[in-house]
Amino acid sequence: MNAIAQPLKKANRLKTSSLNNKMVNDYWTDVFNAKAEGKLVCWYEGVAINPLMQAADIRWVHGEAWSALLAARNNEQEAQTAAEHRGYMKELCSYARTHIGCGVLAQNRGVEASGSSFSDALGAGKLGERIPAPDMFISAYPYCSTGQQWDEMLFRLFGKKVPIFNISVPWVWGNKPDAIYLGGTEFNEAKQYMVKQLRACTKFIEEQTGKKYNWDSLGEIMSYTKTAGRLRMEAMELCNAKPAPASFFDWTTSLAPVNFIPGGPGIVEYFEKTKAEIVQRIADNEGGIPQEKYRLFWDGIMNWNKIGWLANKFANYDANMVAGRYTHMGFWHEHESIDLNDPLEGMAVNYLVCPINLSAPLMIEQIIKLCKHYEIDGMVLHAARTCRAFSNPQYLIADAVQKRLGLPVAMIEGDMVDESFYKDELVNSRIEAMLESIEARKRVGIAA
Amino acid sequence: MSIDAIYSAFERAAEQPLESAKAWKQTHGTRVVGSFPMHFPGELAHAAGCLPVILQENHEPITVGHGMIYPFYCGFTRSVVDQACKGDYDFLDAIMFGDHCVQVLGAADVVRAKLPNTRVHFYQLISSMSDPWSLGRARETFLNLKEGLEEMIGHPIDEEATHASIRLFNKNRQLLRKLYDLRRAGDARITAKQMQILVKSSMVMDKAAHNDLLGRLLAEIEKTKAISQRGMRVYLSGHFCQSPKIGVLDMIEECGGIVVDDDLYHGQRYISTDVDETGDPLDALAKWYLERNLKVPCPTRVDQNADWENYLLDAMERSRADGMIVLMAKFCEPHMYYYPEIKEAFEKRGVPHLLIETEHELNSFEGLRTRVETFLEVVKRQSAARRIAA
Amino acid sequence: MKNYVMGVDFGSTTTKTVILDLKGKMVAACVASKGSISAEGVQVSMDGALAEAGISRKEILRAVSTGYGRRMIDIADQSYTEITCHARGAVALFPQARLVIDIGGQDSKVIAVGGDGLVSQFAMNDRCAAGTGKFLEALARAVQVPLEEMGPMALAATEKLTISNMCATFAETEVISLLAEGQSKPSVLGAVHAAIASRTVGLVARVGMREPAVMTGGVAKNKAAVQFIEQALGAKLLLPPDPQIAGALGAALFALDEVTTPGAGVDEEDQADDTMLIARGCATKPCQKPKEVPLVGPMR
């Protein structure tokens with residue numbers, strides 16, 4: 001294996017991805033036009049609370065999504081530099097730095113002007129400046145203290161003048177012996193606590209809009225979300241086929257519709273088409289990469305600067321990244337728990353069991369289930385330098401899959417949207433070592 | 001006991017906290033409950049007849065711990081993981097904690113995995129301090145903690161015992177605050193190192209024993225006249241979960257700085273606020289928890305009623321400090337997030353400050369010395385200019 | 001007759017000595033490179049300067065030392081940090097300067113200065129070699145180009161490449177893989193210099209950009225480094241004819257201050273006035289912060 005040569009084989013990406021691009025572009029265009037159309041704008045990060053805003057006709061800016069978009073379009077530098085100039089250090093969450101940097105840019109040019117001038121296609125000029133300034137913040141960050149503080153610092157950056165609502169998401173730890181995934185005394189208490197806060201949040205939204213909260217609209221939005229969540233999970237579960245018809249990288253590019261795209265027929269249609277493509281590929285025996293020799297699991301958050309690069313890199317190794325914690329353990333994956341007549345509790349459940357908010361023992365059980373379902377040969381753990389929320393349990397996860405499933409692992413260092421933490425040479429040698437180890441096991445018949 | 005002997009007793013506990021707790025356990029037969037910094041009340045564990053000990057970063061190089069946690073974590077987190085991996089915590093009867101900094105949560109998972117036979121309990125403190133439900137939620141959390149302790153000891157915690165523990169802890173804070181007052185006023189010469197070991201030992205020693213030693217120290221200090229000192233008055237800010245290295249404190253003073261005040265966790269932050277001694281103890285603790293953040297604001301909390309930067313500017317005025325040195329533990333996310341607010345406020349007010357990043361692995365202070373010396377040169381010139389202008 | 005003052009900058013890789021006459025005219029400057037903190041280097045540098053001036057050590061009225069090894073020079077009457085001295089030296093060379101960017105072998109610093117040549121803010125690199133002369137040295141080795149040729153070669157870069165790692169070790173592997181991909185040495189070296197520039201911009205950000213800016217230190221002799229930093233900052237840099245001696249010059253000027261107006265420098269003679277007396281019952285005066293105090297901010 002030549003570490004330096006250009007990949008010869010490329011990932012066979014899902015064709016439906018192009019539909020996703022259009023939805024993402026439309027969504028951001030709506031965001032940029034929010035002020036011109038007289039809509040209120042909410043900034044938030046973390047779990048997908050956007051249906052709460054959508055039901056009240058508020059436009060929303062999801063901090064991570066925005067930072068990831070800037071990175072994916074090589075447009076993150078200006079915002080990151082603006083943040084650095086205000087004194088935010090490089091070891092801080094790169095999503096937060098990028099997003100706060102946009103806040104700094106907004107401050108620099110005067111809040112009033114924000115967003116209104118944009119009517120052009122995305123990608124041109126200073127993208128970081130196009131984000132409309134917030135009319136409110138809603139903070140609902142699971143597990144990661146950075147999340148809550150990120151919102152707080154934005155709140156302070158905007159002079160403590162923009163109203164903020166804090167939802168405290170308890171970590172699913174499990175002091176009591178009855179603690180299980182989705183159950184036990186503490187989980188049930190946490191769920192009720194979340195519902196109470198979500199309900200209070202709708203009151204906060206009413207205060208901002210001056211209108212009665214539209215519960216019917218929330219139910220309708222959540223019906224699309226629930227269906228999209230189900231279709232996505234079904235499509236992903238079909239990828240236990242060999243060769244797997246799609247990869248983790250396809251699923252990362254398909255997160256937007258279950259993360260921040262408005263709930264509506266569009267997201268349902270998207271996953272219907274995605275699932276149909278998966279079914280067709282299985283019928284045609286077509287894989288997500290040209291030749292599937294190894295089936296891998298990706299633990300950790302995505303590296304948005306390198307998504308295409310990594311997809312092709314693994315394709316070139318004949319390694320299909322079949323599943324991942326990020327994609328498979330979050331984003332309305334517990335769609336069954338959503339009761340459309342009273343969706344708050346089901347929403348709370350999905351927020352509580354998102355891919356970072358489970359303590360290690362509970363999380364590891366879910367990961368092991370996935371590794372078994374997808375017949376995984378090895379695990380890549382992406383240690384995102386500035387995302388300790390994702391990096392925290394990785395040694396425990398690696399230990400568990402090595403001991404319980406006999407899987408070789410490779411830990412690679414990188415980041416979400418800060419390219420400078422990615423070290424390609426190390427990545428190559430670690431992945432190659434893991435693949436050699438899988439190979440050795442296959443030879444002596446250890447692996448299935 | 002001479003002053004030196006008293007300080008040595010404090011220093012032994014501060015420098016060898018686990019050994020000191022282990023010895024206490026052996027001689028007194030009490031359970032030892034470890035906790036992570038910074039907001040967890042020891043009063044309830046004490047009322048349950050246990051010795052509460054705040055787990056500390058130690059001075060050992062991190063070795064096996066790096067097999068369980070990445071190197072890009074703060075020194076406290078890595079050191080705690082390392083100590084757990086080395087079996088240092090095996091003698092603890094329980095670890096109970098409530099703070100939510102994401103790095104500490106990572107350590108908690110590892111600690112629980114390494115101590116399968118120890119109760120490692122998390123009672124998550126609400127970190128958003130100004131919500132309508134903040135007080136109620138804090139009380140619920142303390143109730144859960146009380147129940148967890150009761151389950152361990154097998155009987156209910158007596159309310160009068162809780163009041164007694166609160167009084168004892170209050171007394172400890174008051175004695176330590178008195179020492180701060182004496183230093184600020186120039187009535188006692190207490191170095192930064194000495195102040196640290198006074199507070200740090202309080203985190204790990206039995207409070208009654210600590211109070212006794214503090215009483216003796218105060219009596220000795222009253223007897224002696226403070227020697228006048230020359231130097232620039234320095235305010236130290238920052239360093240939360242981990243105590244600043246003694247070498248850094250000594251270096252600052254060697255360069256001609258006189259540390260007159262601080263907001264360090266191993267300092268004023270720990271002792272700032274007392275708990276109401278009457279009424280329902282859980283109500284009192286919940287109230288204490290929220291009030292504490294107004295007394296000395298903490299960047300790990302979000303609080304619309306507190307502004308750390310303004311607090312620091314006021315505190316500098318109160319202690320007549322000439323400059324502030326910010327000690328930032330490398331990779332400390334809460335501090336890194338808040339720092340730009342401080343920087344901006346201090347620049348706007350024209351108050352000089354110096355930011356120093358510290359690390360667990362930092363053992364040579366020469367590189368820092370250049371910065372501290374230059375900073376003190378600048379501060380000296382500016383305070384002279386101020387004096388001339390005044 | 002003692003008619004001269006001397007400044008010695010005992011740096012990590014070189015020692016610089018400047019001798020001034022009592023009118024402030026530079027009569028000698030000598031740079032000696034003898035490896036890390038070498039006493040021999042100090043001797044060579046001082047002897048060289050004395051020889052150049054044609055005087056003996058006895059004729060030095062006062063000497064001030066600076067740099068990493070400043071406390072190891074026993075003939076010095078006084079020592080100041082290199083930050084203070086670089087600022088003073090740079091402003092002596094360019095009185096209009098308000099920002100000094102000094103990139104030496106072991107560290108890099110950005111200093112904001114007042115019209116009096118005194119520091120108002122500063123920022124320094126942390127312990128790692130990123131953005132220092134050492135970084136360039138390590139990467140010159142990786143590209144197998146003599147250090148003094150790397151600058152001119154980088155100016156001939158045709159491709160715009162990036163090295164994202166600031167850590168010299170990892171940057172080295174990046175450089176090696178760029179070369180293995182078949183990228184030309186000039187283009188790879190261009191990326192190396194761009195990396196230095198981006199690190200410098202980060203330091204400037206901590207202090208705040210001010211103009212005009214002077215660049216001092218050994219790296220200022222590297223034309224490519226200067227050009228890349230100018231591009232990254234969007235500003236022209238003022239360059240002294242001998243950028244390495246600014247610190248020694250500053251030290252010599254502090255020595256001269258002591259001779260011409262004793263007590264004028266920032267040293268212990270004025271401490272009695274300056275310091276706050278801490279004694280029982282003494283300090284009651286509230287802290288005063290008049291408006292005319294210059295802004296002083298982040299220093300690290």
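This is a predicted model: local features need pLDDT of at least 70, side-chain atom pairs count only at pLDDT 80 or more; totals for chains, interfaces and linings use all residues.
Chain A contains 17 helices and eight strands. Its radius of gyration is 21 Å, close to the 22 Å that the globule rule gives for 448 residues, so chain A is as compact as a globular protein of that length. The C-alpha trace of chain A spans about 70 × 50 × 40 Å along its principal axes. Of the 448 residues in chain A, 60% are buried. Among the contacts in chain A with a separation of 6 or more, 79% are made by residues 24 or more positions apart.

Within chain A, the packing of two helices was examined. The axes of helix H1 (residues 17-32) of chain A and helix H10 (residues 265-283) of chain A come within 10 Å and cross at roughly 165°. H1(A) is therefore roughly antiparallel to H10(A), because angles over 145 degrees count as roughly antiparallel. The crossing of these two helices, H1(A) and H10(A), is left-handed. On the side of H1(A), the contact is formed by A:Leu19, A:Asn20 and A:Met23, which meet A:Gly266, A:Tyr270 and A:Lys273 in H10(A). By class, the residues of the contact of H1(A) with H10(A) comprise three nonpolar, two polar and one charged.

In chain B, 15 helices and eight strands are found. A compact globule of 390 residues would have a radius of gyration near 21 Å, and the value for chain B, 21 Å, agrees with this. Along the principal axes, the C-alpha trace of chain B extends over about 70 × 50 × 45 Å. Buried residues account for 59% of the 390 residues in chain B. Of the contacts in chain B between residues at least 6 apart in sequence, 76% join residues at least 24 apart.

One residue of chain B, B:Asp280, was considered individually. B:Asp280 lies in the loop between helix H11 (268-271) and helix H12 (281-295) of chain B. There are 13 other C-beta atoms within 10 Å of B:Asp280; a residue is buried if 20 or more such atoms lie within that distance and exposed if 12 or fewer, so B:Asp280 is partly exposed. In sequence, B:Asp280 and B:Glu159 are 121 residues apart, whereas in space the C-alpha to C-alpha distance between B:Asp280 and B:Glu159 is 8.3 Å.

Chains A and B also touch one another. To this contact chain A contributes 33 residues and chain B contributes 35 residues. On the side of chain A that touches chain B, the elements giving two or more residues are helix H6 (145-157), strand S4 (164-169), helix H15 (388-391) and helix H16 (394-405) of chain A. The most is given by H6(A), with seven residues. Sorted by class, the side of chain A that touches chain B has 15 nonpolar, eleven polar and seven charged residues.

The secondary structure of chain C consists of nine helices and ten strands. Buried residues form 52% of the 300 residues in chain C. Among the contacts in chain C with a separation of 6 or more, residues 24 or more positions apart account for 69%.

Technical notes. Residues are numbered from 1 along each chain as its sequence is written. Chains are lettered from A and ligands numbered from 1 in the order in which they are written. Two residues are in contact if their C-beta atoms, placed from the backbone, lie within 7 Å. Helices (H or I, at least four residues) and strands (E, at least two) are DSSP runs, numbered from the N terminus. Ala, Val, Leu, Ile, Met, Phe, Trp, Tyr, Cys and Pro count as nonpolar, Asp, Glu, Lys and Arg as charged, and the others, Gly among them, as polar. Axes are lines fitted to C-alpha atoms, for helices over the stretch in contact, and angles run from 0 to 180 degrees between N-to-C directions. Angles under 35 degrees count as roughly parallel, over 145 as roughly antiparallel, 65 to 115 as roughly perpendicular and the rest as oblique. A crossing is left-handed if the near helix is turned anticlockwise from the far one by less than a right angle, and right-handed if clockwise. The radius of gyration is taken over C-alpha atoms; the globule rule is 2.2 Å times the number of residues to the power 0.38.
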